Amino acid sequence: MTQAMPLWTIAGPRIGSWRWLWTLALVVVLSLSLVLIGCNFASFVEAAEKDLPIVLSIVTNITNIMAPGVSPLLQLGGTAALTSLAIVCGTPAPGATQCDATSLVGQYQAATDQATKLSLLQKIQVALTAANSKLSDSLNVLSTVGANVPANAVDAIRVSIALAQTTIAAVISMIPSSASPTALKATLQHAAQPPQPKDLKLKYNNAVRGAFPTAAIA
């Protein structure tokens, strides 16, 4: 009967051989893929947790502005955008720095397998894209307001919506299309940098305080 040899006696590919080089390259690629996945996904969550609650406050306050000739036009697009944003982040209280646990972001953080995480990221991307589309509708209708609406009021709303859209677009840019090393590397290289929460809040408040002081974020 032939006796099985211990595993430690089985020789691997000769160092320096083509097979050894291919194995080494495969290990490097897999390791880089895991690093990129962790970095990119972690960056996305950090940006979403910091900025989306502020974006929700911005859109909420703009949608609730009571200004003759402007409010009805804002409410339709703003309400639809808020619905999509709530799917992604929930309805965090003003000043919150985290999305709700039941939101897509919350579910993503709780997920343990990569397939579920990627599926949630795709849903997040769809919802955020829909939110930006609805905000674009609100921007478009601003061009139809009557001449009796003060120009500073229209400018304040336009700048505020643009800030929300730019932030959402930056978060979207951090979401990879797949877990492949090529896609992840491209995402990291081309992703926009979301604003710091304090900077986003400051720019928004500066935009609305003159025309709508009560719409500012504390």
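**Helix packing and a salt bridge in a predicted model**

R158 and D155 lie 3 residues apart in helix α5, so about one helical turn separates them. In this predicted model, their side chains form a salt bridge, with an N to O distance of 3.5 Å. A search of the whole structure returns 1 salt bridge.

Helix α5, comprising residues 151-173, packs against helix α4, comprising residues 114-142, at an angle of about 160°, and the two axes are 10 Å apart. Because angles over 145 degrees count as roughly antiparallel, α4 is classed as roughly antiparallel to α5. The crossing of α4 past α5 is left-handed. On the α4 side, the contact is formed by Q125, L128, T129, A131, N132, L135, S136, S138, L139 and L142. The α5 side contributes V154, I157, R158, I161, A164, Q165, I168, A169, V171 and I172. Classification of the residues in the contact of α4 with α5 gives 13 nonpolar, 6 polar and 1 charged.

Helix α4 also packs against helix α2, which spans residues 71-89; the axes of these helices come within 8 Å and cross at roughly 170°. This angle makes α2 roughly antiparallel to α4, and the crossing of the pair is left-handed. From α2, the residues L73, L74, G77, G78, A80, A81, S84, L85, I87 and V88 take part in the contact. Their counterparts in α4 are I124, A127, L128, A130, A131, K134, L135, S138, V141 and L142. By class, the contact of α2 with α4 consists of 15 nonpolar, 4 polar and 1 charged residues.

The protein has a mean pLDDT of 77, with 73% of its residues at 70 or more. The highest confidence is found in helix α7 (residues 197-208), with a mean of 93, and the lowest in helix α1 (residues 18-63), with a mean of 62. Over residues 20-41, pLDDT is below 50, and the model gives this stretch 28 contacts beyond near neighbours in sequence. Residues 4-13 likewise remain under 50, and for these the model contains 3 contacts beyond four places in sequence.

Methods
Residues are numbered from 1 along each chain as its sequence is written. This is a predicted model: local features need pLDDT of at least 70, side-chain atom pairs count only at pLDDT 80 or more; totals for chains, interfaces and linings use all residues. Side-chain values use heavy atoms; hydrogens and water are left out. Axes are lines fitted to C-alpha atoms, for helices over the stretch in contact, and angles run from 0 to 180 degrees between N-to-C directions. Helices (H or I, at least four residues) and strands (E, at least two) are DSSP runs, numbered from the N terminus. Angles under 35 degrees count as roughly parallel, over 145 as roughly antiparallel, 65 to 115 as roughly perpendicular and the rest as oblique. A crossing is left-handed if the near helix is turned anticlockwise from the far one by less than a right angle, and right-handed if clockwise. Contact means heavy atoms within 4.5 Å. Ala, Val, Leu, Ile, Met, Phe, Trp, Tyr, Cys and Pro count as nonpolar, Asp, Glu, Lys and Arg as charged, and the others, Gly among them, as polar. pLDDT is the predictor's confidence in each residue, from 0 to 100. A salt bridge is a side-chain nitrogen of Lys or Arg within 4 Å of a carboxyl oxygen of Asp or Glu.
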